[in-house]
Amino acid sequence: MIRLVSIILIGLVIILALVLLKYKPSYKVTIAGEELGYVTSKKEFEQLVNEQILYPDEIDVAFVDIQEMPKYNFLFIENTKQTDEEEIFSKIQEMAVTTYKMYAIMLNDDISTYVHSKEEAEEVIAKIKDEKAEELEEINITMKEIYTQNKEETQNAIEVASAKEVAEVSLEEKVIEQQKIKESTLDGVYFAVKPITGHITSRFGAMEDIRDHAHQGMDIAAPNGTTIKAAADGTVTYAGSMGGYGNLVIISHGNGIQTYYGHCSKIYVSVGTQVTAGDSIAAVGSTGNSTGNHLHFEIRKNGAQINPQKYLYK
Ligand SMILES: [Zn+2]
């Protein structure tokens, strides 16, 4: 009996030895039904895929998506057959979609700069809040998670000390910008754009021979046909000829604020047109009570003219 078992065991060992002469153990790798090839060691290969593709230890990687995790099936393949570790690795790499994460330092709604982590963003914000309390009275500093699948974009993330410097410069610029906006705003209407650039030939309040009262607007000389732009966002409420104004555009900006653009050679808008500051509304001319090509510009509040140079052409 013992002899028989021994013979069977020896036989099995011989068969196994013969098998191993011709075949070797391996793993077939499959993803989502697609056979990618064979690897020798499941353990080593899986570890490589995990460390380098699926769970890389890189600061900016948020997560890696793959259609399906690779499946490994044990089987024997012919000894002479090469396994495909490199090729399979590249294929898995191609299939994997890596999403990167950064943190933007925001001043109001504008991105100032980027750092790599939430902790860094918190550090930058805490330092700036500490040092620039006064500047931050009217400007909010916040952080925002930014996701991207473009690895190159993560190069925008910089170190804490540099990010702090960049954000402080942006903050100073924003303070100046906000001050400017404030100084050019009347009852919530921001006069963002000079209607034309040119030489100021008559200021508000000037007494001149051409009229028997003080000037109710300002005159800016420019060649015939020069584009006139809307000074602020609003709605056109008059577009046509009106006495001494000649061809006139009136824009209403809300809160009883209006702007007047007189002596135009052409008018490009009509009553009801919604305009944004900077939109073309008319062309410079010399229609109406005028002695040369210029724009007569007025700002009115509840019908009364006020000095436009309080807000524009300062
Ligand atoms: Zn005038």
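This is a predicted model: local features need pLDDT of at least 70, side-chain atom pairs count only at pLDDT 80 or more; totals for chains, interfaces and linings use all residues.
Trainee: Into which domains is the chain divided?
Mentor: Domain bounds come from an automatic or database domain assignment. The chain is divided into domain 1 (20–95), domain 2 (100–183) and domain 3 (189–310).

Trainee: How many residues of domain 2 are in contact with domain 1?
Mentor: Two residues are in contact if their C-beta atoms, placed from the backbone, lie within 7 Å. The C-alpha centres of domain 1 and domain 2 lie 42 Å apart. Four residues of domain 1 take part, and on the domain 2 side the number in contact is eight.

Trainee: What is the order of the strands in the open sheet that holds β1?
Mentor: Strands (E, at least two residues) and helices (H or I, at least four) are DSSP runs, numbered from the N terminus, and two strands pair if DSSP finds at least two bridges between them. The edge strands are β2 (34–39) and β4 (71–78), each pairing on one side only. The pairing is antiparallel, and the order is β2-β1-β4.

Trainee: At roughly what angle do the axes of α2 and α3 cross?
Mentor: Axes are lines fitted to C-alpha atoms, for helices over the stretch in contact, and angles run from 0 to 180 degrees between N-to-C directions. F45, L48, V49 and I53 in α2 meet E85, F89, I92 and Q93 in α3. The axes of α2 (residues 42–54) and α3 (residues 85–95) come within 11 Å, and they cross at roughly 35°.

Trainee: Across which strands does α3 lie?
Mentor: Helix α3 runs at about 140° to β2. The strands that α3 lies across are β1 and β2.

Trainee: Which residue in the hairpin of β5 and β6 takes a positive phi?
Mentor: Strands β5 (residues 97–107) and β6 (residues 110–115) run antiparallel and are joined by five bridges. A104 stands opposite Y114 in β6. The hairpin has two residues between the strands, and the positive phi, near 50°, belongs to N108.

Trainee: Is H263 buried or exposed?
Mentor: A residue is buried if 20 or more other C-beta atoms lie within 10 Å of its own, exposed if 12 or fewer, and partly exposed in between, with C-beta atoms placed from the backbone. H263 has its place in strand β15 (residues 257–264), and its phi is near 70°, a positive value in a residue other than glycine. Because 26 other C-beta atoms lie within 10 Å, H263 is buried.

Trainee: And is N302 buried or exposed?
Mentor: N302 lies in the loop between β19 (294–301) and β20 (304–306). Phi of N302 is near 50°, a positive value in a residue other than glycine. With 9 other C-beta atoms within 10 Å, N302 is exposed.

Trainee: Which residue in β18 is the bridge partner of I228?
Mentor: An open sheet of three strands has the order β12-β18-β16, with antiparallel pairing. In it, β12 and β18 (residues 280–283) pair over three bridges. The bridge partner of I228 in β18 is A282.

Trainee: Which residues does I267 touch, leaving aside those up to four places away in sequence?
Mentor: I267 is found in strand β16, and it counts as buried because it has 20 C-beta neighbours inside 10 Å. With that sequence limit, the residues I267 touches are A239, N247, V249 and A282.

Trainee: How many of the eight residues of strand β14 are buried?
Mentor: Strand β14 (residues 247–254) pairs in the antiparallel sense with β13 (residues 234–241) over six bridges. β14 and β15 are also antiparallel, over six bridges. Strand β14 is largely enclosed by the rest of the structure, because the number of its eight residues that are buried is six.

Definitions and conventions:
Residues are numbered from 1 along each chain as its sequence is written.
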